Amino acid sequence: MPALHRLHRRQRLRVPLEDAWAFFCDPHNLARITPPAMRFTVLRDPGATTFAGQIIEYTVRPLLDIPVHWVTEITHVDAPYFFVDEQRVGPYAFWHHQHRLQPLDGGVEMEDIVHYRLPFGPLGRLVEPWIVRPQLEQIFDFRRRVLAERFGELQAG
């Protein structure tokens, strides 16, 4: 079976839990935390808040400006602490993204845990460390910068 890869990121933000939840669970904010070059576009209005069973349909241009159709389903929600999105249609053979929020004194700790598998067997395994992983790192680096600018960062305690 092809390898299951994992990306794990944490960030401490100066924002109350309720405000962080309101931002992260609004699907319209996905475009704000995705690099502009990827031209993230929501295709249908998914509503203003995340709920279990929600379908979000969009296009993104991750490579060579080629549009990729992506459909995710929100499969689990435990407001205001946790939700999961899973790809139903898109470029990955498997995509499971946990979004976690933990209250802290003066803010929240936000945690992203992404498990993914690429299609195309050996070819997918070949391009993962050279193309896919660096691009995911770049996307999450961009997200970190945008969130730090928007909310401010808390120093590790």
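**View 1. Buried residues of helix H1.** Helix H1 spans residues 17-24, and its buried residues are Leu17, Ala20, Trp21, Phe23 and Phe24. Buried here means under 20% relative accessible area, exposed means over 50%, and partly exposed lies in between (1.4 Å probe, protein chains only). Seen down the axis of H1, these buried residues fall within an arc of 165 degrees, so they line one face of the helix. The arc is that of the directions from the helix axis to the C-beta atoms. The cover over the buried residues of H1 includes strands S1 (5-13), S4 (66-78), S5 (82-89), S6 (94-104) and S7 (107-117), together with helix H2 (121-151). Contact, the basis of this cover, means heavy atoms within 4.5 Å. The model is predicted: local features need pLDDT of at least 70, side-chain atom pairs count only at pLDDT 80 or more, and totals for chains, interfaces and linings use all residues. Residues are numbered from 1 along each chain as its sequence is written, and side-chain values use heavy atoms, with hydrogens and water left out.

**View 2. The whole protein.** The protein has 2 helices and 7 strands. From the N terminus on, these elements run β-α-β-β-β-β-β-β-α. The radius of gyration is 16 Å, close to the 15 Å that the globule rule gives for 157 residues, so the protein is as compact as a globular protein of that length. This radius is taken over C-alpha atoms, and the globule rule is 2.2 Å times the number of residues to the power 0.38. Helices (H or I, at least four residues) and strands (E, at least two) are DSSP runs, numbered from the N terminus. Along its principal axes the C-alpha trace spans about 45 × 35 × 30 Å. Of the 157 residues, 46% are buried. Among contacts with a separation of 6 or more, 49% are between residues 24 or more positions apart.

**View 3. Leu147 in helix H2.** Leu147 is placed in helix H2. At 0% relative accessibility, this residue counts as buried. Not counting residues up to four places away in sequence, Leu147 touches Gln11, Leu13, Phe23, Phe24, Ile33, Met110 and Gly152. Two of these, Phe23 and Phe24, are among the buried residues of H1. Leu147 and Val77 are 70 residues apart in sequence, and their C-alpha atoms are 22 Å apart in space.

**View 4. Arg143 in helix H2.** Helix H2 also holds Arg143. With 9% relative accessibility, Arg143 counts as buried. Leaving aside neighbours within four places in sequence, Arg143 is in contact with Ile33, His97 and Asp112. Ile33 is also one of the residues that Leu147 touches.

View 5. Most residues other than glycine have a negative phi, and most peptide bonds are trans. Leu64 has a positive phi of about 55 degrees although it is not a glycine. Phi of Asp65 is also positive, near 60 degrees. Leu64 is exposed, with a relative accessible area of 71%, while Asp65 is partly exposed at 42%.

**View 6. The cis peptide bond at Pro80.** Pro80 lies in the loop between S4 and S5. A cis peptide bond joins Ala79 and Pro80, with omega at about 0 degrees.
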